[in-house]
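Hello,

Here is the structure I promised to pass along. Have a look through it when you have a moment, and then read my notes below.

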Protein chains: 8
Amino acid sequence: METREILTRFKNGELSMEEAEHYFRKEPFEEMDDYAKLDSHREIRSGFPEVIFCSGKADQHFVHIFKKLYEDNGEVFGTRASRHQYELVKDLLPGVEYDELSHIIKIEKKEKEHIGKIAICTAGTADIAVAEEAAQTAEYFGSHVERIFDVGVSGIHRLFSRLDVIQDANCVIAVAGMEGALASVLGGLVDKPVIAVPTSVGYGASMNGLSALLTMINSCANGIAVVNIDNGYGAGYIATQINRLAERDYYE
Amino acid sequence: METREILTRFKNGELSMEEAEHYFRKEPFEEMDDYAKLDSHREIRSGFPEVIFCSGKADQHFVHIFKKLYEDNGEVFGTRASRHQYELVKDLLPGVEYDELSHIIKIEKKEKEHIGKIAICTAGTADIAVAEEAAQTAEYFGSHVERIFDVGVSGIHRLFSRLDVIQDANCVIAVAGMEGALASVLGGLVDKPVIAVPTSVGYGASMNGLSALLTMINSCANGIAVVNIDNGYGAGYIATQINRLAERDYYE
Amino acid sequence: METREILTRFKNGELSMEEAEHYFRKEPFEEMDDYAKLDSHREIRSGFPEVIFCSGKADQHFVHIFKKLYEDNGEVFGTRASRHQYELVKDLLPGVEYDELSHIIKIEKKEKEHIGKIAICTAGTADIAVAEEAAQTAEYFGSHVERIFDVGVSGIHRLFSRLDVIQDANCVIAVAGMEGALASVLGGLVDKPVIAVPTSVGYGASMNGLSALLTMINSCANGIAVVNIDNGYGAGYIATQINRLAERDYYE
Amino acid sequence: METREILTRFKNGELSMEEAEHYFRKEPFEEMDDYAKLDSHREIRSGFPEVIFCSGKADQHFVHIFKKLYEDNGEVFGTRASRHQYELVKDLLPGVEYDELSHIIKIEKKEKEHIGKIAICTAGTADIAVAEEAAQTAEYFGSHVERIFDVGVSGIHRLFSRLDVIQDANCVIAVAGMEGALASVLGGLVDKPVIAVPTSVGYGASMNGLSALLTMINSCANGIAVVNIDNGYGAGYIATQINRLAERDYYE
Amino acid sequence: METREILTRFKNGELSMEEAEHYFRKEPFEEMDDYAKLDSHREIRSGFPEVIFCSGKADQHFVHIFKKLYEDNGEVFGTRASRHQYELVKDLLPGVEYDELSHIIKIEKKEKEHIGKIAICTAGTADIAVAEEAAQTAEYFGSHVERIFDVGVSGIHRLFSRLDVIQDANCVIAVAGMEGALASVLGGLVDKPVIAVPTSVGYGASMNGLSALLTMINSCANGIAVVNIDNGYGAGYIATQINRLAERDYYE
Amino acid sequence: METREILTRFKNGELSMEEAEHYFRKEPFEEMDDYAKLDSHREIRSGFPEVIFCSGKADQHFVHIFKKLYEDNGEVFGTRASRHQYELVKDLLPGVEYDELSHIIKIEKKEKEHIGKIAICTAGTADIAVAEEAAQTAEYFGSHVERIFDVGVSGIHRLFSRLDVIQDANCVIAVAGMEGALASVLGGLVDKPVIAVPTSVGYGASMNGLSALLTMINSCANGIAVVNIDNGYGAGYIATQINRLAERDYYE
Amino acid sequence: METREILTRFKNGELSMEEAEHYFRKEPFEEMDDYAKLDSHREIRSGFPEVIFCSGKADQHFVHIFKKLYEDNGEVFGTRASRHQYELVKDLLPGVEYDELSHIIKIEKKEKEHIGKIAICTAGTADIAVAEEAAQTAEYFGSHVERIFDVGVSGIHRLFSRLDVIQDANCVIAVAGMEGALASVLGGLVDKPVIAVPTSVGYGASMNGLSALLTMINSCANGIAVVNIDNGYGAGYIATQINRLAERDYYE
Amino acid sequence: METREILTRFKNGELSMEEAEHYFRKEPFEEMDDYAKLDSHREIRSGFPEVIFCSGKADQHFVHIFKKLYEDNGEVFGTRASRHQYELVKDLLPGVEYDELSHIIKIEKKEKEHIGKIAICTAGTADIAVAEEAAQTAEYFGSHVERIFDVGVSGIHRLFSRLDVIQDANCVIAVAGMEGALASVLGGLVDKPVIAVPTSVGYGASMNGLSALLTMINSCANGIAVVNIDNGYGAGYIATQINRLAERDYYE
């Protein structure tokens, strides 16, 4: 609806003051005691509810936001949570789950449907923490996930044995530290988008994941795009966007 | 079809020697005088025909490959071509087009259908060369493209005026050099995947695009993944994969 | 007064030995037991009293300097103080305040007038610690400060809702970690100087703030200059210099 | 004026359709053949007319924009212009000037008043090209500029001999390559904001200005903020903003 | 022979003055007009004749050294030679060969025996220049070489089709630019040492081969060691050392 | 054996179903509760049993894998183990040894034969931890090792006094931190392959081993290849591969 | 004495076997239980006794070496010692001193003469730890030291007040973190060599001293050379070498 | 002479107005048409005449300064001069010499005495250009220089054969590119200061000399300090300062 049309309808009485104002208003969010602005229109706008990046949040802020999101949505999802943060809320709300490996804290609605398919591969076992962040994020947002772990290029026959599952997904997430070559190999084997997640797994010249990031960015294979080091959440998010596009008949 | 099944069918005569061999054979490509292995199964495997990365190719290799791909597919597409390379083939084959701005050389079939929608945004006018590489790649692979150029964050009202077009796409490509902030802003405004392309546009601490790459990788917005600096082709490719998933009814 | 004039006046007896010597003397500071040279002329020279960078100071040095500055000025201000340092002085002097968030320790005169206006914006809630260092520094030096927190580019409508307050300031401080895009967006929206402060908030390729620093240095927007990572104090200082220039009628 | 107020006045007939629409409209710029969006509201919004960053512009784009801006404003200013670009326009429009040293191309109105004072210092003679870009930018925007060149720290008595001129300015620009120490020394000597411009002058570990940038960002002196390597234009712009604030009586 | 033994034999007259002196002398090389010291004992010491790194040599130095080595050994081998350097010597000496692709200049003895087997693999066609430097170096030093080009990981079936040849070698050289993942894949597939050569092939974040170097150094596969970017010569040299060890029966 | 041949033999009954299937099968490894894929064919394929990289493994995973490998091979070898991990298994299995210096945990068969010779040199005493990882790895895989420690270039006469031992080895490992010059000096003195291991020993601009890595990669000496920082295991592995080639008469 | 001359004299009986052997022998050092090689000829060769770099030494190694050096020289000097290491030896030997600030541990002969003059300047108080390492090193080796602390460029008048002392030294050591500009300013003010020591003092983009190192290496002033970050010992050592050359009449 | 003393003497008539003024005056240099400030007191202050860094100077500036320095001193010395700059002055002044290798341009007084001894060593022949800049600088300033070229660590016996000459110098300059290990080896062999000059000779990971710089800065040997990459002039300058201190009897 264009500006002129709204103004016309408003003048004609087809729109009330509130409705017209709503169109032009500037604050589709709630102020929380000055320190944060929760984005309450977010789910409507993007189809994804707001999520908490827990790391570095002050205790009272964390508890406040966690409860608020639970009240608004009936479920809540936080990444990079500490055990201490789990202690803060576990008795306040029912059904809080905390996963030591992925550092995810959540209250998730039961019997959520998981549609489509995202394949999440890791190069080694140490990459599983990041992969789980991606997997549980995608599942929270309603995607079906296949986990294919420990299939790095130093023993490439392990990857080939699972290739049919991987090739069948709408989107593949490649999680790898050290030299990060897994993404290139996957890019050459599947015809769907590969989201590459470098991890900080490694030592020496791995420079906390920077080397894996560079490997993935420079990939000679087609159909690969990269997110930040250890950013399982980001990978799970964009993979879900792609998965939903592939399954849009379901959503529409 | 599992190994055991193939072997059984083969023994039973349900599969001929050639068919069984085909399943296990190792060379679905053509050797070209020892210097290259054209991937003739590629289009079947991925739905995308092979493309030429022209930069650095020896003259005779370039001409040989260009002609071979044209003969196989009836069209051919090359990125990072020089004017000199255009001179080499323009009289050998009919309908060779060369675009000075994007450095794309191609012979493209007429009346190709372009489906879905990919929105390609640039921050400035100097980023258009890379954006065109992305746009023409996506079009060559059958995507419909909307170009929204010169909408960088230093004059953000220009971006907002085109927001409806952008939000309507299946996938958004954000092309930006200098500080590369466009990707984050787009990520906050659309609910579809954003493929970010850092460009080498800039000077000083832009370090030939490395700064823009870091900006995009560190984006605080959701739904962003990044390709290599100036890699318009890579962005056009993965955006097309996503666009096809969204329009899979068309393909199936 | 030129050298020749001083010498002439001195010979003529218009200047005493002490007055002439004063002009040429080299030590407008006080030695403190050999380990530091407090700059007692500083406030006269620059209009800003000396401030303590507390981090790394030996206990006895810290206490000694803290007390000395309090005795000289009737107030004292320290950045990057630890709780331990607060314990050292809280009972020695009246009215010591310590802020856990910004790590500022101070005794501040009551009823200080705050003039002009500096707007301090943060991208996220984790950037508030640095923003508070900037804010309290500017307030200590007599500036009026507006805090606009959690208005990062991933939800840019939050920024627009406060734009009128921001545009009304003499100087804007943009505090952001991760990809640091906030500075560019602000630079495009206001016509006053923007002092950008990259923060070490982030992970992976944020490289402890280096990525945000590069983003801000490469900004395509006009009217932006950058200080060191997490340097809230430096931003508050230069913003106050600018604010005072804008309000110079008040000072003269 | 708030949204509700505009709507009320519009309904009451106090505002015409055009006036109301103007308030909400989204396109205060002119499209130029799809490749650029000239910001015609810019001078109104920021008090600074739009300027051309000439480097990398296609010939026809450059000529088109250069003429358009001249037509709109009666003067025009471009940075990083080549001699070739000068040849393109020197006979099309009257009074085009080109400066080989600073690579500035311009048509400037005569008898422009230059108010306030900005001091521009360079460490060496090779930094003058960047300093001139800053100086002529500031002059184009109406500032009075003092040039103090070749006063680097390796012969610091040269700097002291001009200190009175520097200390008298509203804002100081410090232009230095190699180790870039000039900014710190100036920061310790003046009580006004210092805008530091690292230059790519140097060799070896200067890394094209990155070392000087790091020196300036890490300065232990107060009141320093930094712009990009060789970004004389950016320094001249923000220094003019500060200078105007100091001389706001003149502007209001 | 120990010092004491030499001295004893010398005193006993079993060694002449010249022989004893020879043992302790310090200069087993020839001075060439002060600018170079040719290592004439080198072949005796290491089994490898001296080779010329041609790049950057002054014309007269190059010609002088080229002729001297030919006279001493009856053959000569130079890397990184320019066509200009070839012009300088092609008419002075018989049988000078120059290879534009690998930039190798040489006079090589006929009917040289090539023993053992080194497999040299490249990821793409643009890596062949470096691979040829490695191959011809190894051949000059007497190794048998198998070339397996264009078998990068983006089409990994091409690599598998040649695996038997690769697995049969004493040593494998993996030459790859861009993301350099080929080395890791080979490391996982063969049980012989893999010498990895990163190349400067690539663009953007490949940083002239630094990314490929990091990939290879961080490889999760066993049995990989890395030489400098584009250092085909170094790879050919160490691979020959390994090949000779494997074929030591031939040499002893 | 080629595909066609296998199929023919299978049809002719010369191969059973199991034998044919074996040839084409895809899973020569064992799944361990989904989190790891132990490579049980590894020793057959490469001649090296699988080894545990202990760092970062979850307790139960570590114990499970440690026991499994012991059961399969009668011995087991882990690198980068913590004392805590040693506590976990020391009472579960007989003969577990843990070395605080090298962080190696192992159960090793008695009376293992050690063949050939690998010389392992360190620049300083602080590099010994990494050297021991290399040495014990090589010994576990059956190599004879000579340790020559504290022979760095700042007192080069110490190196010369052991030169005969070093020159007699099949392969030399050079372990050095700080400036890492030892590798170049060794490369000039021996005619066997030198595997260089940069260590993180150093401070300041050593950047945790990156400087030593660069030194070694840029070495002007011949016959040097480099592994990752602190990667003693990797050096011991490839040195053993080389040592075995040199002693292949023993193995065949 | 030349080789031939020694051999002649030996044959003539002018040199004994032991004397001749001594000349050619290769091991002027003592093995310490295999883990270290103490350089007992060092003081004779260089005029400087061996010193202990304590950091990272195993307890028993540290104690063993500390005692051995004390026994050989009657004094001993260690840098980067921990309090724990001090506890290990304080009761074993008389007169052990430990300085918490500089982390130096030593037993020093009384009534040592200190000759010549080295001036050691620091930019701030946090740089004093490194400066003391330099000062006490130089004093241990017999140099007279002047300490001029807290004279950084942000208050340059403090430096000028001590300039006469600085200009009178044979060598100046400039110790500075953050932006490290002190070295350049000193280089422009004195005519003696300036040894620059970057320190890791700073935060954000100081990158643990790397920025200060770059500043100093790029200095535009003459007569400056640089040692590693925080390497007070190295600066004290080379400054003593220079001081001794200046006072060589004393030594000869 | 202290301020008070000057004032007293002046009042007493022991100093004239000019003499007193001279003491306090601020401008001991000559302005050259605004673009440069020649430091005419420099030789008096430091004992070294001013030298021209020719690179990047505008033609007229270069000629002007070259002539002025010649007129003042009867000789003149410029580094990094181009052949074009030589053409500009060769006919204007008598006796201009230009050296293509070192890029030095000079008119030098005949029969200059060269005292003391500086040894200048290079690793390879490609480092000679930088070494000559150092050597000719030191000679111009009156030092005696010994050139020992092509003695890099890959053939370390070449270095040992010249060790007596090197050990006899007052100061050693080590010039090396690639891995730069020469400095460490020299530091371990001589007891005089070693000034290390990294050069940009190398390729790949040498990063234009940065790797050699890091090697030298991290040297484990004592008595080494480092100047900028390719900075032969800086090394020749500080080596001359040291050489003069060692020969101070000659100067005093």
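The notes that follow go through a few places in the structure. Please keep in mind that this is a predicted model.

Let's begin with a sheet in chain B. Four strands make up this open sheet, in the order S3-S4-S6-S5, and their pairing is mixed. Its edges are strand S3 (52-53) and strand S5 (97-99) of chain B, each of which pairs on one side only. S3(B) runs parallel to strand S4 (residues 76-79) of chain B, and two bridges join them. If you want a spot to look at, find Phe53(B), which stands opposite Thr79(B) in S4(B).

Chain E has another parallel pair. Here five bridges join strand S9 (residues 171-176) of chain E to S10(E), with Ala176(E) opposite Pro198(E). Strand S10 (residues 194-198) of chain E is largely enclosed by the rest of the structure, because five of its five residues are buried. Val194(E), Ala196(E) and Pro198(E) point one way from this strand, while Ile195(E) and Val197(E) point the other way.

Is Thr199(A) buried or exposed? Its relative accessibility is 0%, so Thr199(A) counts as buried. Setting aside neighbours within four places in sequence, Thr199(A) is in contact with several residues, including Asp127(A), Val130(A), Val175(A), Gly209(A) and Asp230(A). Thr199(A) also lies 9.2 Å from Ala126(A), C-alpha to C-alpha, although the two are 73 residues apart in sequence.

Also in chain A is helix H4 (residues 59-73), with 15 residues. From first C-alpha to last, H4(A) reaches 21 Å, close to the 21 Å expected at 1.5 Å a residue. The buried residues of H4(A) are Phe62(A), Val63(A), Ile65(A), Phe66(A), Lys68(A) and Leu69(A). Just after the helix comes Gly74(A), with a positive phi of about 75°.

Last, a contact between chains. The axes of helix H11 (residues 232-246) of chain G and helix H11 (residues 232-246) of chain H come within 6 Å and cross at roughly 40°. H11(G) and H11(H) are therefore oblique to each other. Which residues of H11(G) and H11(H) meet? Ile242(G), Leu245(G) and Ala246(G) meet Ile242(H), Leu245(H) and Ala246(H).

Key
Residues are numbered from 1 along each chain as its sequence is written. Chains are lettered from A and ligands numbered from 1 in the order in which they are written. This is a predicted model: local features need pLDDT of at least 70, side-chain atom pairs count only at pLDDT 80 or more; totals for chains, interfaces and linings use all residues. Side-chain values use heavy atoms; hydrogens and water are left out. Two strands pair if DSSP finds at least two bridges between them. Axes are lines fitted to C-alpha atoms, for helices over the stretch in contact, and angles run from 0 to 180 degrees between N-to-C directions. Angles under 35 degrees count as roughly parallel, over 145 as roughly antiparallel, 65 to 115 as roughly perpendicular and the rest as oblique. Contact means heavy atoms within 4.5 Å. The expected span of a helix is 1.5 Å times one less than its number of residues. Buried means under 20% relative accessible area, exposed over 50%, partly exposed in between (1.4 Å probe, protein chains only).
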